[in-house]
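Work through the exercises below with the sequence and the model open. Each task is followed by a solution in steps.

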Amino acid sequence: MTYCLGMLLRDGLVMVADTRTNAGVDHVASFRKLRVWEEPGERVLILLSAGNLAITQAVVNELEDTVRWNDGDERTHPDAGPIMQVPGMTAAAKVVGEAIRAIHDRDAEALREQGNDFACSFLLAGQVRGGPMRLFQIYAAGNYIEATEDTSFFQIGETKYGRPILDRVVDFETPLVDAAKCALVSFDSTMRSNLSVGPPIDLCIYRRDSLASPVKRRLRADDPYLVELRKHWGDGMRQLFHDLAPPPFVEGLLDLENSAGK
């Protein structure tokens, strides 16, 4: 299991992924699930992956091969279009979908024979010169949906524990710094409730229309900011809870508790 989060904001993109994978309690490892392909001034593409690690790595390798094949080489890759030469983000999403379907055609039947599903999902975001910044969620069938101003973030993987803070805080107008802070709180909440999600956490922030290398940061479990954020958020939540007024319909119970304590 993993957790990946992508935010489409007026000012830019915030993309975050954990690195934990596990095949049982005694087989836990870390693998990078956030990748950035960039050509300054021309395009920035950010890909997050969740699901069966062998499948997602195969898809990413398929895409990486097109990047390497077309790096100074005019030959056409035989299986997929070069993601670094697409004319826009929709075409990039289609290339990722094609790569997923290529791996499905190759591996899905063998996986079924072993009792495994073809499980994978991706978040693709970025901008190509001359076009808008966009964020897509791409499914195991290779089809996709796009984020909008009304639905400004996507999650894949272990999503439920980290969603409440996003629903309360994040919208299209949220500043990048606040969105990054909220994303890390979302990850902290998830890591506290599900041990299959864990650090290091890879964070990537891209400013709209910059076409420049995004801010990239890996936060390990002992990262000073992550430790401080965890402490302040936990302390603040406990204090807020204690400050809440009690429900008026339990006043009789409170009287009994006060009497018992005397």
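**Exercise 1.** Which residues in α4 meet which residues in α5?

Solution. The model is predicted.
Step 1: from α4, the residues taking part are Lys-181, Leu-184, Val-185, Asp-188, Ser-189, Met-191 and Arg-192.
Step 2: they meet Tyr-225, Leu-229, Arg-230 and Trp-233 in α5.
Step 3: sorted by class, this contact has six nonpolar, one polar and four charged residues.

**Exercise 2.** Determine how the axes of α4 and α5 are oriented to each other.

Solution.
Step 1: locate helix α4 at residues 176-193 and helix α5 at residues 224-243.
Step 2: their axes come within 10 Å and cross at roughly 75 degrees.
Step 3: angles from 65 to 115 degrees count as roughly perpendicular, and α4 and α5 are therefore roughly perpendicular to each other.

**Exercise 3.** Describe the largest nonpolar core and the surroundings of Ile-83.

Solution.
Step 1: the core has 28 residues, and Leu-63 and Ile-83 have the most contacts inside it.
Step 2: two or more residues each come from β6 (43-51), α1 (53-69), α2 (89-113), β7 (120-128) and β8 (134-138).
Step 3: α2 gives the most, ten residues.
Step 4: beyond its neighbours within four places in sequence, Ile-83 is in contact with Trp-37, Arg-43, Leu-45, Leu-63, Thr-66, Val-67, Ala-92, Val-95 and Val-96.

**Exercise 4.** Is Ala-141 buried or exposed?

Solution.
Step 1: find Ala-141 in the loop between β8 and β9 (144-146).
Step 2: its relative accessible area is 52%.
Step 3: exposed means over 50%, so Ala-141 is exposed.

How values were computed
Residues numbered from 1 in each chain as written. Predicted model: local features only at pLDDT ≥ 70, side-chain atom pairs only at ≥ 80, totals over all residues. Heavy atoms only, no water. Core = buried A, V, L, I, M, F, W, Y, C linked by side-chain atoms within 4.5 Å. Buried < 20%, exposed > 50% of the residue type's maximum accessible area, 1.4 Å probe, protein only. Helix = DSSP H or I, 4+ residues; strand = E, 2+ residues; numbered from the N terminus. Contact = heavy atoms within 4.5 Å. Axes fitted to C-alpha atoms, helices over the stretch in contact; angles between N-to-C directions. Parallel < 35°, antiparallel > 145°, perpendicular 65-115°, else oblique. Nonpolar A, V, L, I, M, F, W, Y, C, P; charged D, E, K, R; others polar.
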